[in-house]
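Q: Hi! I've got this one open and would like to talk through how the chains meet. Shall we start with a pair of helices?

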There are 2 protein chains.
Amino acid sequence: MKQPNDEQDTLPDTKESAAPGSRREERDTEYRRRILATASDLIERRGTECVTMYQIAQEAGVGQGTLYRRYAHLGEVCSDLMQTTVDTFLQSLGESVAEADPSTPAMRQLSDIISLSIDFIDQKASLLHTIHSMYVEKKSHTIYQKPFFRTMHDLLQPLLARAVEQGEIRDIDIPLTVNTLLVAVSPNQYLYHRDVLGYDKKRFMEGICRIFVKGL
Amino acid sequence: MKQPNDEQDTLPDTKESAAPGSRREERDTEYRRRILATASDLIERRGTECVTMYQIAQEAGVGQGTLYRRYAHLGEVCSDLMQTTVDTFLQSLGESVAEADPSTPAMRQLSDIISLSIDFIDQKASLLHTIHSMYVEKKSHTIYQKPFFRTMHDLLQPLLARAVEQGEIRDIDIPLTVNTLLVAVSPNQYLYHRDVLGYDKKRFMEGICRIFVKGL
DNA sequence: AATGGAAACGGACAATTGTCCGCAACCATC
DNA sequence: GATGGTTGCGGACAATTGTCCGTTTCCATT
């Protein structure tokens, strides 16, 4: 299935080990192959949602500890499954940026990237959703049905509608814009910028307003 | 702790039951009170992260089934705990919109709402984060460290930087804008619009570009 | 107040996750 | 090819989640 002397492994050595050039590494590769094959198989049979780490370990015939040492959770397994696909996509994106005529406006390139990304997401929707969910959520869309979200939505929607009516802005997709604003100022987003990137309230606020107020 | 004859319960009857005017309802109220009190206590003692549904049921002295029938997960418990606070906030938001001079530009009001929301999130950061996490994520910031995200980030950042340099846009907060764009076109966001709201690729794409390309 | 059916309780259980550690395989050195 | 230290395996385990169902409580009717 793969030349043993392949010096360049397809898989990007998630983190540790991978010592010299043989035996231990062979087993490692074999295990990883088996895990991914099993995962792929299970996903195909049972559907993306119903696969568990336990199942994969069982069917792949490896201990759970072994599985967990390689992949912290299902999302990482899926990530690895998509590795090639994602890499290819990212590379083609990178190339399309690099190769572009330097005189092409950057914003034009931006919209190309957005377009390509959405195409990609659209095609690989199911798996990507699982990956993203594993890293990011548990019960996908539920948040949108929650009172807080709904109320905020109902508050913002008419506001934007009025802004359009009165000619302050135009050509916007109101629901989409509202939803985008809501994820943009979600607690996670704010806390990431505040606690990890060191933003203060003012800077965050201004950046958001630049996009959603001044921009529109 | 609360007058038994309070006809207007603070808690908004999450969903079912609540029949006529007594007994069954009393117990219901009492249980809910006990659950929330316990949850509040546990959170204060152990910190938001380490509280489990099991613990709450145990300490509140109710069966797990009972707890789960009222609250599907921790996020809902926290939501209910925040209910009053959130309601107050939402109401004040609503009022500030309603009371505003009708001649106030809608976009001006929008920026006010954004500002107030960020203040609110900043104050209640910890609990809100938990609530949001429960509905939405598992391991908070991890996604930002993942290769796919990083690569996309590294691709977009220089692009926007160039757009600024070349005078296509200005006054934007580049990292924040990149991150906002990335959550805006995340698989979840796309799938919600596509599968729940019935958007097609084109409409989604155009809405996003209106915000992040034409807008900027 | 006895009775019957509906609604809700509680806790046992099955399913998962994630961790821990005794044991075995492996590589380097002699 | 024996020896010893290191690395990694496997699967038992503790902790949780979420569900299911026999039992209890409650209300309405008689």
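A: Happy to, and bear in mind that this is a predicted model.

Q: Nice. Now, how is chain A related to chain B?

A: Turn chain A by 180°, with a shift of 0.0 Å along the axis, and it can be laid on chain B with an RMSD of 0.2 Å. That is the relation of a two-fold axis. The same surface serves both copies, with 100% of the contact residues of chain A recurring in chain B.

Q: Then what do α10 of chain A and α8 of chain B do?

A: The axes of helix α10 (residues 201–214) of chain A and helix α8 (residues 174–184) of chain B come within 10 Å, crossing at roughly 60°. They are therefore oblique to each other, and the crossing of α10(A) and α8(B) is right-handed. A:Phe204, A:Gly207 and A:Ile211 of α10(A) make this contact with B:Leu176, B:Thr177 and B:Thr180 of α8(B).

Q: Zooming out, how many residues of the two chains are in contact?

A: 73 residues of chain A are in contact with 74 residues of chain B. On the chain A side, the elements that give two or more residues include α4 (74–99), α5 (106–123), α6 (125–136) and α7 (147–165), and also α8, α9 (187–196) and α10.

Q: Switching topic: where does UniProt put the HTH tetR-type domain in chain A?

A: An unreviewed UniProt entry lists "domain: HTH tetR-type" at residues 29–89 of chain A. In the model, that span is 80% helix and 0% strand, with its end C-alpha atoms 24 Å apart.

Q: And where is the "DNA-binding region"?

A: UniProt places that feature, again from an unreviewed entry, at residues 52–71 of chain A. Residues 52–71 are 75% helix and 0% strand, and their end C-alpha atoms lie 12 Å apart.

Definitions and conventions:
Residues are numbered from 1 along each chain as its sequence is written. Chains are lettered from A and ligands numbered from 1 in the order in which they are written. This is a predicted model: local features need pLDDT of at least 70, side-chain atom pairs count only at pLDDT 80 or more; totals for chains, interfaces and linings use all residues. Copies are superposed by least squares on the C-alpha atoms of residues with pLDDT of at least 70 in both. Two residues are in contact if their C-beta atoms, placed from the backbone, lie within 7 Å. Axes are lines fitted to C-alpha atoms, for helices over the stretch in contact, and angles run from 0 to 180 degrees between N-to-C directions. Helices (H or I, at least four residues) and strands (E, at least two) are DSSP runs, numbered from the N terminus. Angles under 35 degrees count as roughly parallel, over 145 as roughly antiparallel, 65 to 115 as roughly perpendicular and the rest as oblique. A crossing is left-handed if the near helix is turned anticlockwise from the far one by less than a right angle, and right-handed if clockwise. UniProt positions are given in the numbering used here, feature names are shortened, and annotations may be inferred rather than shown by experiment.
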